[in-house]
Structures are given as C-alpha cells and as structure tokens.
Amino acid sequence: DFAPVALRVEDYFAMLLHLPHHGMRFLVMAYIVRTLLVGLALVIVLLLPSFATVLGIMGSACAFTISVAFPCWCYSVLFWDHLSWVERIFNKVVSIGGLICAILGTYAAVMQHAGVSNS
C-alpha cells in the first residue's frame, strides 16, 4: 500500500510548490506523484524479480546498521560526556565495523543477484 508514502510525498510537494490541499493543481500533482510511485514500483519489480534477492539486499543493508552501528552511535551521542576514552573508542570502532559489515553484506547480495541474473 503506497498511500502513506504517496500522502507524505504529496504534502512535501504541496509545501514546496505552495499549493493548497484542494483545487485542480494539487489534484494534478497528486496524480503525477502516484503515477511516478507506481512506475518506480514497477521498475523495482522488473529489476529485482526475486523476493529473496530483495530480502538479502535489505537485510544485509539494515541488519548490521540497526543492530550494531546505530545503537553504539546513539549511546555515544547520548552519553558522550560520561564515557571514558576507552568506551568512546570502542563505540566508534564498533559503529564503523557495523557500517563496514553492512556495506560488504549489501555488496555481496547485489553481486549474488548480478551473478544469478546473468546465468
């Protein structure tokens, strides 16, 4: 369901273009936004027909970021003044390591998809 995404994008463009949320110009802009979102979904489906590939790419991109890098980064930001230098370095190293793992995992998933689609 694209409704929440479409509504947010429509609100953004209405604010950007100074359009009221009623009237013909807003309606035309809303139709264009929804058409482009459906077109984007179609392009994604055509480029990545395998749901397993999508899960692999999204999982590798998000898993380390959400479970490793982001918590260490938030902890460091929130408690920076209360952390020792060892804890600060540890949190930075773990955050950077999590981001590197996310990038490498995403790269591996994309390369695996490229290898499968070329076969």
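A residue is called buried when its relative accessible area is under 20%, exposed when over 50%, and partly exposed in between, using a 1.4 Å probe and protein chains only. By that rule Cys72 is buried, at 13% relative accessibility. The model is predicted, so local features need pLDDT of at least 70 and side-chain atom pairs count only at pLDDT 80 or more, while totals for chains, interfaces and linings use all residues. Residues are numbered from 1 along each chain as its sequence is written, and side-chain values use heavy atoms, without hydrogens and water.

**Cysteines**
- The structure holds zero disulfides, a disulfide being a pair of cysteine sulfur atoms within 2.5 Å.
- The cysteine sulfur closest to that of Cys72 belongs to Cys74 and lies 9.6 Å away, too far for a bond.

**Helix 3**
- Helices are DSSP runs of H or I with at least four residues, strands are runs of E with at least two, and both are numbered from the N terminus.
- Helix 3 covers residues 51-79, 29 residues in total, and reaches 40 Å from its first C-alpha to its last.
- That span is close to the 42 Å expected at 1.5 Å a residue, where the expected value is 1.5 Å times one less than the number of residues.
- At Ile66, helix 3 bends by about 40°; the bend is the angle between axes fitted to the seven residues ending there and the seven starting there.
- Buried residues of helix 3 include Thr53, Ile57, Ser60, Ala69 and Ser76.

**Nonpolar core**
- A nonpolar core is a set of buried Ala, Val, Leu, Ile, Met, Phe, Trp, Tyr and Cys residues joined through side-chain atoms within 4.5 Å.
- The largest one has seven residues: Ala6, Ala14, Leu19, Phe26, Met29, Val33 and Leu37.
- Helix 1 (3-16) and helix 2 (24-47) each supply at least two residues of this core, and the largest share, four residues, comes from helix 2.
- Leaving aside residues up to four places away in sequence, Leu37 touches Phe2, Val5 and Ala6, with contact meaning heavy atoms within 4.5 Å.

**Aromatic pairs**
- Rings of Phe, Tyr and Trp (its six-membered ring) pair if their centres lie within 6.5 Å; planes under 30 degrees apart are stacked, over 60 edge-to-face, and the rest tilted.
- The whole structure has three aromatic pairs, one of them the edge-to-face pair of Tyr12 and Phe13, at 5.5 Å centre to centre and 70° between the planes.
- Tyr75 and Phe79 form a tilted pair because their planes are at 50°, with ring centres 5.2 Å apart.
- Tyr75 and Phe79 are four residues apart in helix 3, which means about one helical turn separates them.
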